[in-house]
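This report is meant to be read beside the sequence and the three-dimensional view, for a reader who is meeting both here.

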Amino acid sequence: MTAERFYSSRSRAAYVTHFGFFLIYLGTFSFSLRKFLDSGEELVSELFSRKRPSKVSELIQSRDWSQTSLGEISTWSATLKIALGILLKADIPMLCIWGRDRILFYNDTCSSLLPADGPAVGQSLSHLRSEQSLSAAVESVFVTGQAAEAQPASIAGQSTKPAYTWSCSAISSDLEQVEGVLAIGVKAAEELARPSLDSAQTALEKSNAAFQAALRESEDRLRMAVEAAQLGTWDWNLITNELIWDSGCKAMFGLPAEAEVTIETFFTGLHPEDRDRVEQVIQAILEPGGENHYDIDYRTVGLQDGVERWISARGQAYFAADGTPQRFTGTVLDISDCKQIEQALIASEATAVAQAEELTALMKTIPAAIWIAYDPQCHQLMANQTAYELMGVEPDTVAAASLADGRYPLQFKQFKNGHEIPTQDLPMQKAIRTRQAVIDEIEFVFPDGSVRHIYGKAVPLYSPTGAVRGAIAGFVEITALKQSERAREQLLQRERRAREEAEQANRLKDQFLAVLSHELRSPLNPILGWSKLLQTRSFNTAKTAQALATIERNARLQAQLVDDLLDLARILRGKLHLNPAPVSLAFVIEAATETVRAAAAEKSIALQLGLDPELQVLGDAARLQQIVWNLLSNAIKFTPEKGQIDISLRRRHNQAEITVTDTGIGIRSDFLPYIFESFHQEDISTTRKHGGLGLGLAIVRQLVEAHDGTITARSPGECRGATFTVRLPQLNATFTHCPVKVSAKPALNLDGLCILAVDDSLDTQELLICLLKQYGANIMTAGSGAEALKILKDIRPDVLISDIGMPEMDGYSLIQQIRALSPEQGGQLPAIALTAYAQADDQRQALASGYQRHLTKPIDIEKLVQAIITLLQPSPPA
């Protein structure tokens, strides 16, 4: 990037916006970084310690921040610390304005621009005697979160100091709230030095790359560590009393990932028998000078699922220099399974040292399966009732684990990881052979195919001389646990598929937004271009007519895009209302065909109609015409010149069938299943030949289904055309479609009428004045509701035309205040709402507020004039 490109307003704004996104990225992962930079001192040391510390760095370290809203440096967020790291290492003028008090930071380069008595680091931005444009830009970023630029200004407020252009970007928090603003200064054009700009750019790019690499490495390490250990993490800010749990931690307290938590949530979730003990340990750890390492096991009772769990918690408390506790953070691990297995193993090992008379009773009552081998070959075997039940045999029928002749005496086989276990490697035999305890998990596979999973421990038994005399094994059945693990794995697979579908939907959304931006901006190009040319040049009559037609065509295209979006929004919200009545489909199709005939003629496309005039359905005529119009418009768009489109209407069983067949580009077979999905388009590349949002066919399907009908699409393949078929329930009753006598329109005349137009847009005011004067009206305008009320104190207009969306006082408030006046003061003034709020709910709200008519922008002058005339006509006698 050259200095000239960097200095241009567009390039500079793009560069600063990119840098602002980088800062937002830092803020998003600030919580993860706290796990590695928890105490704050490490990061502060890294940011402020250099071979030659800057003056501003020394000022920051030496200041007593406890008296400010930021608090001690050790409690500063990682987002602020990283922003200050960028600020202090930059070689160009930079400002950082932080928090609700607008606390000011700047680097050494920027301090040279300040007067000797300028503001100190940590003071409010209001102490900076700068031009108002910088303060306004900063406040704009705080309010909107969008990058802004201050015009060339001297931050010293003195003409002797050089003027700078300040580009401001938002620094966002974990919650995507704007916490601060970073402002980068560039000298005005006459003082800009190319080398310094290139150096500034290089420095910022290096900082950007370095911090992104550090963030990625930290995040990857954290994620791998947490996932590998299956840990939950927690962080308790003792200054703000804010408690943060990740989803793993919440799950151990029986809470969903989206649940809100406080420190009271933690204590409520503790097992009643463990609560006092945990509270005492925490109080001791938070005492200055004591043991600040947290290592404890306790039980929780799920706050929503009621499940009791054993938790192993590890953590660390951090203190300020004065001994005040600042933060308490750590991890938790669910050890419930380990506790259960541990308890079973302890019980089984206890039997090995019990007295002979106690062993018999224990063998009968213990729930674990116990086997005792009295010889090293395991030929002499004793088992308890649970073991016999586990093996599926009658008590005392198994006397050996292996026979002297090598035969296997059991009815089931023993497997591990899908492979049959050799006799010498069975837990008891292996314990005897290796003279070591064996902890193992094995499977009993029975002839009927059933499988039982067991987990336990076998230990060798020794004689007084130290020789191995046998073994004892205690196992518990974990078949249910294995089944739950498989169920959990299936659930994870379903969750993985759902996540992939969500990611696909997110990609489609991004693609749609890109297409939407293109489709909305494309018509603006000829509109703005021709508007500018018409203002600056003189054209002959033909060229002027061509320009105006182009502007109108593209404006109508934009209006159609907006209508499509509004239609889809109504459908998705269930706000689509139909006005069903008997409808002649042939009449509807002919009307829709006439609206697209001109577009077809431009491409020399032949329209062939074959319609059954007797077919009728019960439906909304306007929406049915919209269905046919969409299908025809779609066919014309994708049919090359001199093509043909056939429209037919015929009876099929008890349904009316409409088909639209074209000779266009066709539809790929892999895209046909998605042809009626919202936002799906066959070609979304930047080189696509056909525009649109991919909403037309989705709207058509919704409208057809709203009429209890179906729609299908088929195509032989690419470049072989496509056929769309709509089937609707046929109306059995017949009716005669009588032609309506249309009387001649009366001349629209507003001579002598006084009209008050209220709109905060001067362009709209001037347009209304120009349009309504052509019909003989006298026009007064007001730019706000307050100004309109002042006019009404002195003048009584015949009609009020008001916008809805206006600052300070909107159109609803204006009409309500007018209706509160007496009739003599204008309380019954006829009123029309002229607004861009075009939803059905907006119309109902406008009429309920006191307007008699609701018209939508862009303005249709004939409809507006007709509404004025109708509104002023006297009501017929009751």
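## The chain as a whole

The model is predicted, and for that reason local features are reported at pLDDT of at least 70 and side-chain atom pairs at pLDDT 80 or more, whereas totals for chains, interfaces and linings use all residues. Residues are numbered from 1 along each chain as its sequence is written, and side-chain values use heavy atoms, with hydrogens and water left out.

The protein chain has 26 helices and 29 strands; these are DSSP runs numbered from the N terminus, with helices being H or I of at least four residues and strands being E of at least two. Of its 878 residues, 43% are buried, where buried means under 20% relative accessible area, exposed means over 50% and partly exposed lies in between, for a 1.4 Å probe and protein chains only. Among contacts between residues at least 6 apart in sequence, 59% join residues at least 24 apart, a contact being heavy atoms within 4.5 Å.

In soluble globular proteins, nonpolar side chains tend to be buried together. The largest nonpolar core of this model has 46 residues, and those with the most contacts inside it are Ile60, Trp65, Trp76, Leu95 and Phe105. A core here is a set of buried Ala, Val, Leu, Ile, Met, Phe, Trp, Tyr and Cys residues joined through side-chain atoms within 4.5 Å. Among the elements that give two or more residues to this core are the helices α5 (55-62), α6 (78-89) and α8 (132-144), together with strands that include β1 (94-98) and β5 (178-187). The element that gives the most is α6, with 7 residues. A second, separate core has 39 residues, including Ile605, Ile658, Ile699 and Val704.

Helix α19 (residues 585-602) and helix α20 (residues 621-637) have axes that come within 9 Å and cross at roughly 40°; the axes are lines fitted to C-alpha atoms over the stretch in contact, and angles run from 0 to 180 degrees between N-to-C directions. The residues that make this contact include Leu585, Val588 and Ile589 of α19, and Leu624, Val628 and Trp629 of α20. They divide into 14 nonpolar, 4 polar and no charged, with Ala, Val, Leu, Ile, Met, Phe, Trp, Tyr, Cys and Pro counted as nonpolar, Asp, Glu, Lys and Arg as charged, and the others, Gly among them, as polar.

Asparagine 630 also lies in helix α20, and it counts as buried at 10% relative accessibility. Leaving out residues up to four places away in sequence, asparagine 630 touches Gly696 and Val700. Val700 is one of the buried residues of helix α21 (residues 696-706), which also include Leu697, Ile699 and Leu703.

## Positive phi angles

Most residues other than glycine have a negative phi, and most peptide bonds are trans. Arginine 435 has a positive phi of about 60° although it is not a glycine; it sits in the loop between α16 (427-434) and β15 (438-445) and is partly exposed, at 44% relative accessibility. Lysine 642, likewise not a glycine, has a positive phi of about 65°, lies in the loop between α20 and β21 (644-652) and counts as exposed, at 72% relative accessibility. Aspartate 708, which follows α21, has a positive phi near 60°.

## A buried strand residue

Leucine 800 lies in strand β27 (residues 799-802) and is buried, with a relative accessible area of 0%. Its C-alpha atom is separated by 6.1 Å from that of alanine 757, 43 residues apart along the chain. Not counting residues up to four places away in sequence, leucine 800 touches residues including Leu756, Val758, Ile815 and Ile832.

## Aromatic pairs

A search of the whole structure finds 15 aromatic pairs. Rings of Phe, Tyr and Trp (its six-membered ring) pair if their centres lie within 6.5 Å, and planes under 30 degrees apart count as stacked, over 60 as edge-to-face and the rest as tilted.

| Pair | Centres | Planes | Class |
|---|---|---|---|
| Tryptophan 234 and tyrosine 294 | 5.9 Å apart | 90° | edge-to-face |
| Phenylalanine 266 and phenylalanine 267 | 5.0 Å apart | 65° | edge-to-face |

Tryptophan 234 in strand β6 (residues 232-237) and tyrosine 294 in strand β8 (residues 293-301) are 60 residues apart, and both are buried. Phenylalanine 266 is buried at 9% relative accessibility, whereas phenylalanine 267 is partly exposed at 21%. Ring pairs link Trp245, Phe253, Phe266, Phe267 and Tyr298 into a cluster.
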